[in-house]
Amino acid sequence: LTAMGEPSMDPTISAADSTAQQDSLFSMTDVFLISLITGLFTYWFFFRKKKEEVPDLPKMQSVAAPVRDSSFIEKMKKTGRNIVVFYGSQTGTAEEFANRLSKDAHRYGLRGMAADPEEYDLSDLSRLSEIDKSLAVFCMATYGEGDPTDNAQDFYDWLQEADADLSGLRFAVFGLGNKTYEHFNAMGKYVDKRLEELGAQRIFELGLGDDDGNLEEDFITWREQFWPAVCEHFGVEATGEESSIRQYELVVHTDVNMNKVYTGEMGRLKSYENQKPPFDAKNPFLAQVTENRKLNEGGERHLMHLELDISNSKIRYESGDHVAVYPANDSSLVNQIGEILGTDLDTVMSLNNLDEESNKKHPFPCPTSYRTALTYYLDITNPPRTNVLYELAQYATDAGEQERLRKMASSAAEGKALYLSWVVEARRNILAILQDMPSLRPPIDHLCELLPRLQARYYSIASSSKVHPNSIHICAVTVEYETKTGRLNKGVATNWLKNKVPEQNGSSSLVPMYVRKSQFRLPFKPSTPVIMIGPGTGIAPFIGFIQERAWLKQQGKEVGETVLYYGCRHEREDYLYREELARFQKEGVLTQLNVAFSRDQAEKVYVQHLLKKNKENVWKLLNEGMAHIYVCGDARNMARDVQNAFYEIVSEFGNMSQPQAVDYVKKLMTKGRYSLDVWS
């Protein structure tokens with residue numbers, strides 16, 4: 001057809017012949033085109049994919065979708081603020097510190113606001129200089145292996161990609177970390193360094209808080225030097241002593257529709273009665289406990305295996321992920337607080353933010369009862385921080401007790417030492433403090449305002465979704481210990497889980513939960529060897545890993561060597577999953593099972609000793625087999641000792657110096673061949 005319009009036609013053809021040829025060609029062409037169009041239309045009409053296959057569903061609003069304000073700059077201008085304190089917080093501590101710093105500002109004639117970076121566009125930092133005497137402070141916690149917290153992930157991504165000019169921005173950073181982890185305070189250090197690279201002016205040095213030591217003292221020490229630096233920079237002076245300013249006002253509801261009252265929900269009212277996916281931190285799924293059995297055969301501790309039913313939840317998980325559960329405080333502790341303060345715990349109330357412009361309208365879901373707040377929303381078992389003691393001191397009618405509280409909340413060396421010994425080391429929670437200070441009887445609403453939020457607890461999932469798509473397994477040990485004052489303190493979550501029995505007499509045990517994704521993943525190729533090191537409950541993710549490798553083998557996949565180093569105290573007492581491990585070994589999935597019983601002989605034997613004992617095999621798997629290493633459990637001692645064992649093995653068999661061996665292991669981590677899932 002295209003040749004018709006080409007100029008290369010033979011010039012000897014007569015005009016008449018040419019016309020006849022064209023007529024003939026056009027008619028054939030027309031027939032062909034009409035046939036083609038008709039055929040295509042028929043095919044489209046009868047064989048096209050029907051639209052019904054993709055139903056046009058109404059858009060569901062995610063419960064946890066962050067509400068982004070137009071701009072924190074506009075908000076600061078509107079409310080007359082000049083200091084913004086952003087927090088990257090996973091457990092609430094960084095948020096607490098940010099609130100304390102924002103409240104401090106009024107002492108210096110400044111006005112502060114705490115802000116969640118997830119709710120704002122951080123590229124507006126370049127405009128902060130539009131506000132007189134403006135300052136951005138960042139309280140940034142580091143999570144996991146040097147990662148940002150969930151709410152700071154977008155900010156972290158922006159910092160990495162940004163080429164913004166922040167030359168007008170003044171800033172300071174306080175990092176919250178733990179020295180037992182490999183990447184101590186990585187997020188705080190990165191934010192501090194990156195802001196300077198983008199041209200921002202640091203007005204006070206980076207603070208590095210260590211939760212393995214005394215995080216509260218680290219913060220107070222930094223804070224008492226930070227404010228004088230701010231005063232010097234802006235030429236302002238303190239207007240007076242630190243004073244108690246209520247952030248929330250109490251409203252008691254005498255005539256309230258109980259359908260409008262929160263009873264423990266984390267986000268949406270009645271979300272536990274009317275469950276809607278997707279499920280996350282602000283919208284947990286109520287999973288039914290289908291199994292709860294004791295794993296150990298003896299000893300004082302209680303080690304348990306729980307199974308949570310996630311059928312019909314649309315929750316998906318992978319081996320290595322974490323399950324977060326929201327626990328409840330012991331009702332006897334709640335009742336004792338109510339009795340000491342002479343309060344009707346079933347009073348329905350709201351605590352409303354006095355700052356009407358704040359995004360945070362209440363400290364916890366309101367309206368609710370004091371009983372619900374103290375049971376589901378507030379942390380009543382951890383030693384309170386110094387700011388809580390300072391605020392409570394005004395209610396102590398005994399002069400000596402009031403002075404003692406104020407001293408512990410001060411930055412004086414004597415006060416810090418007293419707080420460390422009397423509160424932290426003695427593990428005195430708020431109930432113990434009220435019991436030991438008979439004149440201290442604060443209003444319960446102010447106490448509820450001051451106490452931090454009760455946080456979700458994370459557990460490494462002890463199952464594989466390939467084998468158990470509708471259930472999530474947890475392996476945990478109940479925490480229980482006697483304090484220096486002779487009190488018996490119990491871990492909130494583990495003791496609450498211990499009492500979650502499967503369905504009895506028609507009533508089921510429910511656990512509010514959601515899944516948090518992790519980087520703790522099996523190799524992409526099933527044929528890659530794996531070396532797993534997990535003493536105690538650190539075995540949890542490896543039960544999932546082994547289940548998955550067994551499933552892959554059943555699918556006909558070539559599965560590489562699967563090596564486990566496990567440790568416990570006594571073979572006959574706390575050897576967890578003994579039968580399951582023996583079965584996996586018999587089936588040939590678990591190619592090596594190395595178990596260290598630390599207290600069955602005179603000299604203690606730990607997993608690192610077994611690694612060194614099998615050093616040749618370990619090096620062969622690592623060097624020739626390109627094995628992946630996984631370590632799960634205690635960060636303070638075990639993870640460090642295991643890492644040192646690998647340094648020794650690499651140094652000896654790789655003919656390397658100590659620094660070279662350290663570098664070799666660090667490179668394994670960077671490449672994702674040495675993964676950690678540890679806690680302190």
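Author: In this predicted model, strand 9 (residues 285-294) and strand 18 (residues 510-516) run antiparallel and are joined by four bridges. Helices (H or I, at least four residues) and strands (E, at least two) are DSSP runs, numbered from the N terminus, and two strands pair if DSSP finds at least two bridges between them. Residues are numbered from 1 along each chain as its sequence is written, and side-chain values use heavy atoms, with hydrogens and water left out. Local features need pLDDT of at least 70 and side-chain atom pairs count only at pLDDT 80 or more, whereas totals for chains, interfaces and linings use all residues.

Strand 11 is joined by four bridges to strand 14 (residues 457-460), which runs antiparallel to strand 11, and in strand 14 the partner of Val325 is Arg457. His322 and Ala324 point one way from strand 11 while Val323 and Val325 point the other way, and all of these are buried, where buried means under 20% relative accessible area, exposed over 50% and partly exposed in between (1.4 Å probe, protein chains only). In a regular strand the side chains alternate between the two faces of the sheet.

Returning to strand 9, this strand is among the elements that cover the buried residues of helix 16, along with helix 15 (540-554), strand 20 (562-568) and strand 21 (592-597); contact here means heavy atoms within 4.5 Å. In helix 16 (residues 578-586), the buried residues are Glu580, Leu581 and Phe584. Because these residues cover an arc of only 95° around the axis, they lie on the same side of helix 16, the arc being that of the directions from the helix axis to the C-beta atoms. An α-helix has 3.6 residues a turn, so residues three or four places apart point the same way. The exposed residues Glu579 and Lys586 are carried by the face of helix 16 turned away from its buried side. After helix 16 comes Gly588, which has a positive phi, near 85°.
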